[in-house]
Amino acid sequence: MAGVDESRLSCLSRRAWSLAAARLGLVLLVLLGWELGTRSGFIDPFYFSTPSRVLVTVIEWAHEGLLFGNLAVTLGQATTGFIVGTLLGIVLGFSFAANPCIDAVLQPFITILNALPRIAFAPLIILWFGLGFLSKVVIVVSLVFFVVFFNTYRGFKEINPTIIKNARLLGATKAQMMLHIYLPATLAWTFASLRVSVGFAIIAAVLGEYIGASAGIGHMIDNAQANFDATGVMAGLLVLTVTVALLDALLSVIERRYSLRGSR
Amino acid sequence: MSEPLVQIENAVKRFKTPAKGILSVLDGLSIAFAKGEFVCLLGPSGCGKSTLLNAIAGQERLDAGEIRIGGTTKPIAGESLRVAMVWQSDSLLPWKTAQANVEFSLLVSGIKGNQRQQRALKWLQAVGLQGFEAYYPAQLSEGMRQRVSLAAALSIEPDLLLMDEPFGALDVYTKLQIEKEVVRLWEAMDATIIMVTHDVQEAVALADRVIMLTARPTTVAFETRIDLPRPRDLDRIYGDPRFHTKVSELWQALTNPG
């Protein structure tokens, strides 16, 4: 038995390796085509830049001290907004679900607010909260909050009614129900929403910086675009993509560890 | 028979139907369950067996009539008389291990902290789950999850144990194994068990008394005492001619009512 399992496992890991190699190969192929295309004149580097120039620009930014300072600004805004939005979403989602009265009165307004195109509100938010840190945080919160709110709410409502009946029959107190049933059931759903909202948080912060800011990766991209500097725009996008990919990988590791004990 | 543990008198329960009609599920049903008795309720699907069980558990309100448990109609949770239930569907907390699930039912029943772990381990072992204490429900098979539910229900040492088709979804072999545990464990304690089932053989093999219910509105169609000797060995009982006589008697009553 053990021998069979082992060989299957190694076969799986071999497949994982060749899959990774195939993906890497595809990326290299595209980059090579792009580079050769610009060198041979098929692609206009003024509009499309070249992979080597983008890479050089990112390295230059790092040397000049632009990269990490601006990245820190963007990540700071995204993280603050993410934390505030998540906490608000959990607290309000939980209270709405637990109090049918609040829920009945306010639920339609939450739904309408969620339906509003909040991105279109970004210029107004900049107007109200200024060009600095605060306005970006508010934009991030406005996106993250709703994702977390609706997931938390749903998590509460989707609890298996048999679990509740059983606990009540055995004589569980309100506090015991909250601590052992409602809270863990709800948080499992909240957790599932966090990966989505991390991406949203970065997008929202960068968007705020496009519209009006004096620092941040979004601000750098906006500057480059104003100077018709395609390489600068691409370099900014590269930095953002790598950042989001790293954060996502980190969260997926945490999520996998957590969901092992969660629902099937 | 002394004072019954559970007495149902003139129970009435009606539901509104989507077509604005009224569906009468229980209409003046009366049954008494003696202390320490193992009773199986048999009956056609949708005849209100689960409704009745939920009403005994205090999770469903009757429209008329009353249910007295231990001589009182008051809500039953408390130290004086412990009630537990094994439900038709999963009642385990998916975020707690098997052991933590049993400990949870001990906790909410007011069992002191230092006893909980010891009792949880003891009852998990009693239902044949030693070695699986640290498993989460999603990692266990359906049969094992029902065993955990059973351990959780028995661990509080209930005076009254309600079971709503607890083994209905299990395969025949798994079912027999769990039935054996139930009989063995029940014979060693003095709990009253009321169990709803669809399975005539299961009812005869386990119970002291089988009550056959009619279709809606539910009344008692027929009841019979199962005088097979205790302690029962389920492996042997399925070969006993008296067992088969009882089963065919009940099948007759089920297929030719009136």
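Between chain B and chain A an area of about 2,100 Å² is buried, of which carbon and sulfur atoms give 60%; buried area here is the accessible area, taken with a 1.4 Å probe, that two parts lose on being put together, summed over both. B:Gln59, B:Trp95 and B:Val108 supply 29% of the area that chain B buries against chain A, more than any other three residues. This is a predicted model, in which local features need pLDDT of at least 70 and side-chain atom pairs count only at pLDDT 80 or more, while totals for chains, interfaces and linings use all residues. Residues are numbered from 1 along each chain as its sequence is written, chains are lettered from A and ligands numbered from 1 in the order in which they are written, and side-chain values use heavy atoms, with hydrogens and water left out.

The contact (heavy atoms within 4.5 Å) takes 28 residues from chain B and 21 residues from chain A. Across this interface the rule finds zero salt bridges, a salt bridge being a side-chain nitrogen of Lys or Arg within 4 Å of a carboxyl oxygen of Asp or Glu. The side of chain B that touches chain A draws at least two residues each from β5 (83-86) and α2 (98-108) of chain B, and its largest share, four residues, comes from α2(B). Helices (H or I, at least four residues) and strands (E, at least two) are DSSP runs, numbered from the N terminus.

Chain B holds an open sheet of three strands in the order β2-β1-β4, with antiparallel pairing; two strands pair if DSSP finds at least two bridges between them. Because β2 (22-33) and β4 (64-69) of chain B stand at the edges, each with a single partner strand, one side of each is left without a neighbour in the sheet. Neighbouring strands of this sheet are turned by 25 degrees against each other on average, direction ignored, where axes are lines fitted to C-alpha atoms, for helices over the stretch in contact, and angles run from 0 to 180 degrees between N-to-C directions.

Nine bridges join β1(B) to the antiparallel β2(B), and B:Lys16 stands opposite B:Ile22 in β2(B). The hairpin of these two strands has five residues between them, and there B:Lys20 takes a positive phi near 60 degrees. On pairing with β4(B), strand β1 (residues 6-16) of chain B forms five bridges in the antiparallel sense, with B:Ala64 as the bridge partner of B:Val12. Helix α1 (residues 49-56) of chain B lies across β1, β2 and β4 of chain B and runs at about 120 degrees to β1(B).

Another open sheet of chain B has six strands in the order β5-β6-β7-β3-β8-β9, with mixed pairing, and its edge strands, β5 and β9 of chain B, each pair on one side only. Within this sheet, β6 (residues 160-164) and β7 (residues 192-197) of chain B pair in the parallel sense over five bridges, one of which puts B:Leu162 with B:Ile194. Helix α4 (residues 142-155) of chain B lies across β5 and β6 of chain B, at about 175 degrees to β5(B).

A cis peptide bond with omega of about -20 degrees joins B:Arg216 and B:Pro217, and B:Pro217 lies in the loop between β8 (209-213) and β9 (220-225) of chain B. In chain A, A:Phe228 has a positive phi of about 55 degrees although it is not a glycine, and A:Phe228 is found in the loop between α10 (217-226) and α11 (230-259) of chain A.
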